[in-house]
Amino acid sequence: MLTISQLRKSFGTTEVLRGIDLHVAKGQTTIVIGPSGSGKSTLLNCVNLLEIPDAGRLELDGLEMGFGDGGKKRIRELTRFRQKTGMVFQSHQLFPHRTALENVMEGLIVVKRWNRSDAAQRGKALLAKVGLGEFADRYPAQLSGGQQQRVGIARALAMEPAILLFDEPTSALDPELVGEVLLVMKELTREGMTLIVATHEMNFAREVGDRVIFMENGMISDEGTPEYIFEGSRNERVRQFLSRFDRGAAASSSDSVLTGN
Amino acid sequence: MSQERAERLWDVFLHSLWPLLQGMLKYTIPLSILSFGLSLVFALIIALAGLSSKPYLRAPARFYVWIVRGTPILVQLFIIFYDLPSVGVVLPAFPTVVIALTVSEAAYSSEIMRSTIKSLSQGQWRAGYSLGMTPFQVLRRVILPQAARISIPPLGSQFISLFKTSSLAALVTLPDLFGVAKQIAATTFEPMLLYIVAAAYYLAICSVLTIGQHRLEKKFGKYSL
């Protein structure tokens, strides 16, 4: 389904991705964890070409693309590849001047050239699927963070991508809104959608991940099943990272005890 | 003030109302609307060129803004009207004023557009791209509608300013609102009265424009709480 080979990306003199190899099978959920600055976001951005890799190859659903051969990518090539990937951003990035429904319809109308009524029908169905059937006519500013993120998922789904990429979809949310977004994502994995999720939600990772990869300094330094990564990783850095996490979680729950939340 | 003088003032006042209104309807308003409309088109082109990553587009745009903003519009107007004929370009007064106002206004408006487009987050471009849109589609469907809304207040005040600046037309012989006032003032020797009437007309129209601007802001602002 998706094969990433020797992918490299630098910003200025900083090498952010230093040769990533990854294969994602259809219907699989791949979780990407790692410290901030490890290259998780850049990896996702490279997969849907929001950043153009400096070197390496991408192969997605029969479409292949090589980088670093000197030639500049044509816009047609980029848009064709991007249509096969859907992206859900950390800060939703809904179009604020369009309603929830119009946000979902936008790609269908502009890119796929559907007529309005077909697009509206599909848009409504997708909003219903993420539990927002009632909110079709609301503007993003009139929705909660969790609702905005679910509209973002519906917008990405509308294009029927081969793979959905989530860039820390719950990191910007209030804790009580995280659950509703994760629920929608779980539903997608059950339906056999192929996902790559960069996240700090370790419980979610454990529960729905088929595979977990640990990134550090622009490389995949460990990978395996959730059981392996969370319980049995032999990689010292992974254990350190996860223990910091547990302590962080413990600290924040003791905080809430102290503040009475 | 003697009664005789008061009656004369009243008489001049009554007889100036219609000619001044005509000057406004025939020249001031058409000049302003035409120049502003044209300047918006040019301003958008200049703004997009100024935002381009390609130096051969960016440099001319920046140069244009630099020259036009750095020279008084009255000087530009006089160059077009009095100096161009010496190199064989003779333009009537009306197009001269339209050109001068458009050239000047385009520079200022392009800076407003450039800054509003720039102020929109990079994330909006990425959101459009992630759906498979081309740069032009993102610009047209995502960026410009939002930029337009943000630029309504500053562009509105640009239009109000342009409306008043159009009074420079009188200096190249056009009988616009101010031009007519000047003429009548010269023949009746009542400049104070005539200029106050002209000022009142300008104020009235600018008040209407201000209200219109607020309406537009409300209409386009409906999606933000």
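Predicted model: local features only at pLDDT ≥ 70, side-chain atom pairs only at ≥ 80, totals over all residues.
# Notebook: chains A and B

I started with a salt bridge across the two chains: Glu51(A) pairs with Arg126(B), and their closest N and O atoms sit 3.4 Å apart.

**Entry 1, the A/B interface.** I looked up how many salt bridges run between chain A and chain B, and the count is two. Eight residue pairs across this interface are in polar contact, with both partners at pLDDT 80 or more. I then checked which elements of chain A give two or more residues to the side touching chain B: they are helix H2 (75–83), strand E6 (85–88) and helix H3 (100–110). H2(A) gives the most, with four residues. By type, I get twelve nonpolar, nine polar and six charged residues on that side of chain A. In contact terms, 27 residues of chain A meet 22 residues of chain B. The area buried between the two chains comes to about 2200 Å², and carbon and sulfur atoms give 61% of that.

Arg141(B) and Glu106(A) meet through their side chains in a salt bridge, at 2.7 Å from N to O. Arg141(B) is in helix H6 of chain B and Glu106(A) is in helix H3 of chain A, so this pair joins two chains. Are these two buried or exposed? Arg141(B) has a relative accessible area of 18%, so I put it down as buried, the cut-off being under 20%. Glu106(A) is buried as well, at 2% relative accessibility.

Glu106(A) sent me back to its helix. Ten of the eleven residues of H3(A) are buried, so the helix is largely enclosed by the rest of the structure. Among the buried ones I noted Asn103(A), Met105(A), Gly107(A) and Leu108(A). What covers them? The cover includes helix H4 (116–129) and helix H5 (145–158) of chain A, together with helix H6 (135–165) of chain B.

The largest core has 49 residues, and Ile33(A), Leu127(A), Ile153(A) and Phe166(A) have the most contacts inside it. Helix H6 (residues 175–190) of chain A supplies the largest share of this core, seven residues. I listed the neighbours of Phe166(A), leaving aside residues up to four places away in sequence: they include Leu44(A), Val88(A), Ile153(A), Met185(A) and Leu188(A).

Thr30(A) is buried, with a relative accessible area of 0%. Its contacts beyond four places in sequence include Val24(A), Leu195(A), Arg211(A) and Ile213(A).

Glu231(A) and Arg206(A) form one of them, at 3.2 Å from N to O. Glu231(A) is in helix H8 (residues 226–232) and Arg206(A) in helix H7 (residues 202–208), both of chain A, so the pair ties together parts 25 residues apart in sequence. Glu231(A) is exposed at 59% relative accessible area, whereas Arg206(A) is partly exposed at 35%. Glu64(A) bridges to Arg57(A), with the closest N and O atoms 3.1 Å apart. Here Glu64(A) counts as exposed at 51%, and Arg57(A) is partly exposed at 40%. Last item: in chain B, a network of salt bridges links Arg62(B), Arg69(B), Glu111(B) and Arg114(B).

Terms used:
Residues numbered from 1 in each chain as written. Chains lettered and ligands numbered in written order. Heavy atoms only, no water. Buried < 20%, exposed > 50% of the residue type's maximum accessible area, 1.4 Å probe, protein only. Contact = heavy atoms within 4.5 Å. Buried area = accessible area lost by both parts, 1.4 Å probe. Salt bridge = Lys/Arg side-chain N within 4 Å of Asp/Glu carboxyl O. Polar contact = N/O pair within 3.5 Å; in protein donor to acceptor, adjacent residues only side chain to side chain. Nonpolar A, V, L, I, M, F, W, Y, C, P; charged D, E, K, R; others polar. Core = buried A, V, L, I, M, F, W, Y, C linked by side-chain atoms within 4.5 Å.
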